[in-house]
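Dear colleague,

Please find the structure below, handed over for your reference.

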Amino acid sequence: MTTPHALDRVRLVFELFDADGNGHIEPADFVLMGNRAVAAVPGAQDSATARLLDAFQQYWKTLESELDADLDGRISFEEFQAVVLSPERFDATVDEFAEALAGLGDPDGDGFVDRPEFLALMTAIGFEHANIEALFDAFEPVEGDRIPVATWADGIRDYYRPEKAGIPGDHLTGAAAE
Ligand SMILES: [Ca+2]
Ligand SMILES: [Ca+2]
Ligand SMILES: [Ca+2]
């Protein structure tokens, strides 16, 4: 079953993926998002940057093959909503995306994502500042105001599972000041 929070997330994810805001998800949106994310972490390793760009490419290819029902090379919101019907078809893609994004947030490779990198990356992807801060806090940062890379990666995976409820990622939908 999906939950109201999950449906909010589906709408938000669609709007985020439609990075140029033209009402459809297309390859250009993923290029735009990838470039923004990479620019957000100037100190990132080339390998981490390349991995994220590949993950974005793979994400588009999976969306296209799974959801482009009318085969016009782009995903409308109607088409996108089918993502909730069988989210497991996206598991491998989301998994790699989650690892790649969280990994990019750890440029010094110590296994932790500091708040500034988290803020920069999530802002680049299109989330609102207050929501990002609330999400970071919900991940219960440890000493040094940082979170384990794995915590963030798990959070991304949960976020893309429509059946999940009461997760930290809910801070990304609606008002952040709860
Ligand atoms: Ca678009
Ligand atoms: Ca289409
Ligand atoms: Ca780090």
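The buried residues of helix 6 pack against helix 2 (27-40), helix 5 (91-104), strand 1 (112-114) and helix 7 (129-138). Helices (H or I, at least four residues) and strands (E, at least two) are DSSP runs, numbered from the N terminus, and two residues are in contact if their C-beta atoms, placed from the backbone, lie within 7 Å.

Please note that this is a predicted model, in which local features need pLDDT of at least 70 and side-chain atom pairs count only at pLDDT 80 or more, while totals for chains, interfaces and linings use all residues. Residues are numbered from 1 along each chain as its sequence is written, and chains are lettered from A and ligands numbered from 1 in the order in which they are written.

Helix 6 and its surroundings

Helix 6 covers residues 115-125, and its buried residues are Glu-117, Phe-118, Leu-121 and Met-122. A residue is buried if 20 or more other C-beta atoms lie within 10 Å of its own, exposed if 12 or fewer, and partly exposed in between. Viewed down the axis of helix 6, the buried residues fall within an arc of 120°, so they line one face of the helix; the arc is that of the directions from the helix axis to the C-beta atoms.

The axes of helix 6 and helix 7 come within 10 Å and cross at roughly 135°. That makes helix 6 oblique to helix 7. Axes are lines fitted to C-alpha atoms, for helices over the stretch in contact, and angles run from 0 to 180 degrees between N-to-C directions. Angles under 35 degrees count as roughly parallel, over 145 as roughly antiparallel, 65 to 115 as roughly perpendicular and the rest as oblique. The crossing of these two helices is right-handed; a crossing is right-handed if the near helix is turned clockwise from the far one by less than a right angle, and left-handed if anticlockwise. From helix 6, Arg-115, Phe-118, Leu-119, Met-122 and Thr-123 meet His-129, Ile-132 and Phe-136 of helix 7.

Helix 3 and helix 5

Helix 3 (residues 46-67) packs with helix 5 at an angle of about 155°, with their axes 9 Å apart. Helix 3 is therefore roughly antiparallel to helix 5. Helix 3 passes helix 5 in a left-handed crossing. Among the residues making the contact are Leu-52 and Tyr-59 of helix 3 and Phe-97 and Leu-101 of helix 5.

Residues in the loops

Pro-141 is found in the loop between helix 7 and strand 2 (146-148). Pro-141 is partly exposed, with 18 other C-beta atoms within 10 Å. Not counting residues up to four places away in sequence, Pro-141 touches Arg-115, Phe-136, Arg-146 and Ile-147. Asp-145 lies in the loop between helix 7 and strand 2, and has a positive phi of about 55° although it is not a glycine. With 13 C-beta neighbours inside 10 Å, Asp-145 counts as partly exposed.

Leu-71 is found in the loop between helix 3 and helix 4 (77-80). Phi of Leu-71 is near 55°, a positive value in a residue other than glycine. Leu-71 is exposed, with 7 other C-beta atoms within 10 Å.
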